[in-house]
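Please have the sequence and the model at hand while reading.

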Amino acid sequence: MIVTIDGVAASGKSSVSSGVAQALGVPYVSSGLLYRAVTLLGLEAGADLADPAALLPLLSGVRLEPLASGNRVWNDDHDLTADLHSTRVDGGVSTVAALPEIREWVDAQLRALPAPLVAEGRDMGTNVFPHAPHKFYLTASPRVRAERRARERPEDIPAIEAALTERDRQDTTQSAPAPDARIIDTGPLTLQGVIDTILNDLR
Ligand code: CDP
């Protein structure tokens with residue numbers, strides 16, 4: 001069984017997916033972390049983030065570890081996870097995610113993982129696991145999302161909201177909900193409320 005949970009930036013996908021996966025007793029997989037890892041390694045190498053030929057050679061040691069408590073990304077024996085959510089990575093990741101060669105690399109990593117799992121990102125239900133039987137798509141207003149993300153970033157809410165809106169714009173191509181996804185506005189719901197909505201739907 002595969003459950004896909006897609007949605008716009010900071011819509012709560014990771015926390016919701018982790019909660020749903022723990023309730024089901026299966027791993028969850030955050031595809032965004034792989035795009036973030038490519039971005040971090042590109043930035044550290046001083047590579048052009050729009051050049052797949054400069055990025056792909058950096059990825060041979062990259063591996064996603066889908067722990068139920070929180071995914072980790074490794075580059076050989078170096079744990080990259082703590083460095084993946086900086087403002088710098090936020091600012092470059094959509095450039096990297098627009099590259100078809102990088103999307104193919106991420107998709108191959110994800111499809112190699114054994115089911116059952118909960119997969120979270122932008123195009124899990126449309127592109128990576130189109131035959132998944134259970135699909136969800138999370139939304140919320142830009143202000144609500146910026147308020148949530150302000151707990152994890154040093155900038156103020158208007159700056160975060162502007163950056164999220166810009167990232168949504170850059171991510172439009174890969175962010176359409178699957179036609180068979182259930183769309184959930186998370187704005188009025190608590191985290192547990194979103195998790196329960198999904199678990200009720202799965203029963
Ligand atoms: O948590 P947040 O939604 O802010 O970000 P994320 O899920 O970690 O994704 C970071 C970036 O990776 C997105 O802004 C997209 O550019 C890209 N991404 C994508 O293109 N496709 C996915 N399936 C997942 C992420």
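In the classes used here, Asp, Glu, Lys and Arg count as charged, while Ala, Val, Leu, Ile, Met, Phe, Trp, Tyr, Cys and Pro count as nonpolar. The remaining residue types, Gly among them, count as polar. By these classes, the shell around the ligand holds nine charged, seven nonpolar and five polar residues. The model is a predicted one. The points below begin with the ligand and then turn to individual residues.

**The ligand and its surroundings**

- The ligand is located in the largest pocket.
- A total of 21 residues surround the ligand, and the closest are Lys13, Arg149, Arg167, Asp171 and Gln174.
- Three elements, α2 (31-45), α4 (87-97) and β6 (117-121), each contribute at least two residues to the shell around the ligand.
- Helix α2 provides the largest share of that shell, namely four residues.

**Polar side chains at the ligand**

- Lys13 places a polar side-chain atom 2.6 Å from an oxygen atom of the ligand.
- Arg149 likewise has a polar side-chain atom 2.6 Å from an oxygen atom of the ligand.
- For Arg167, the distance from a polar side-chain atom to an oxygen atom of the ligand is 2.7 Å.
- On its own the ligand has 530 Å² of accessible area, and the protein covers 98% of this area.

- Ser94 belongs to helix α4.
- Ser94 counts as buried because its relative accessibility is 4%, and the cut-off for buried is under 20%.
- The side chains of Ser94 and Asp171 are joined by a polar contact of 3.0 Å; Asp171 is also one of the residues closest to the ligand.
- Val89 is likewise part of helix α4, and Val89 is classed as buried because its relative accessibility is 0%.
- Between Val89 and Ala150, which are 61 residues apart in sequence, the C-alpha to C-alpha distance is 16 Å.

**Helix α1**

- Val20 is situated in helix α1.
- With a relative accessible area of 0%, Val20 is therefore buried.
- Val20 and Asp171 are 151 residues apart along the chain, and their C-alpha atoms are separated by 25 Å.

**Backbone features in loops**

- Most residues other than glycine have a negative phi, and most peptide bonds are trans.
- Ala10, which is not a glycine, has a positive phi of about 60°.
- Ala10 is placed in the loop between β1 (2-7) and α1 (13-24).
- Ala10 is buried, because its relative accessibility is 7%.
- Asp76, also a residue other than glycine, has a positive phi near 55°.
- The loop between β4 (72-75) and β5 (78-79) contains Asp76.
- Is Asp76 buried or exposed? Asp76 is exposed, because its relative accessible area is 55% and the cut-off for exposed is over 50%.
- Ala115 and Pro116 are linked by a cis peptide bond, with omega at about 5°.
- Pro116 is found in the loop between α5 (100-111) and β6, and β6 is one of the elements that supply at least two residues of the shell around the ligand.

Notes:
Residues numbered from 1 in each chain as written. Predicted model: local features only at pLDDT ≥ 70, side-chain atom pairs only at ≥ 80, totals over all residues. Heavy atoms only, no water. Near = heavy atom within 4 Å. Polar contact = N/O pair within 3.5 Å; in protein donor to acceptor, adjacent residues only side chain to side chain. Areas by Shrake-Rupley, 256 points an atom, 1.4 Å probe, with all protein chains shown as cover. 1 Å grid on protein atoms, 1.4 Å probe; cavity = no way out; pocket = protein on both sides within 12 Å on 5 of 7 lines; lining within 4 Å. Sits in = over half its atoms within 2 Å of the grid points. Buried < 20%, exposed > 50% of the residue type's maximum accessible area, 1.4 Å probe, protein only.
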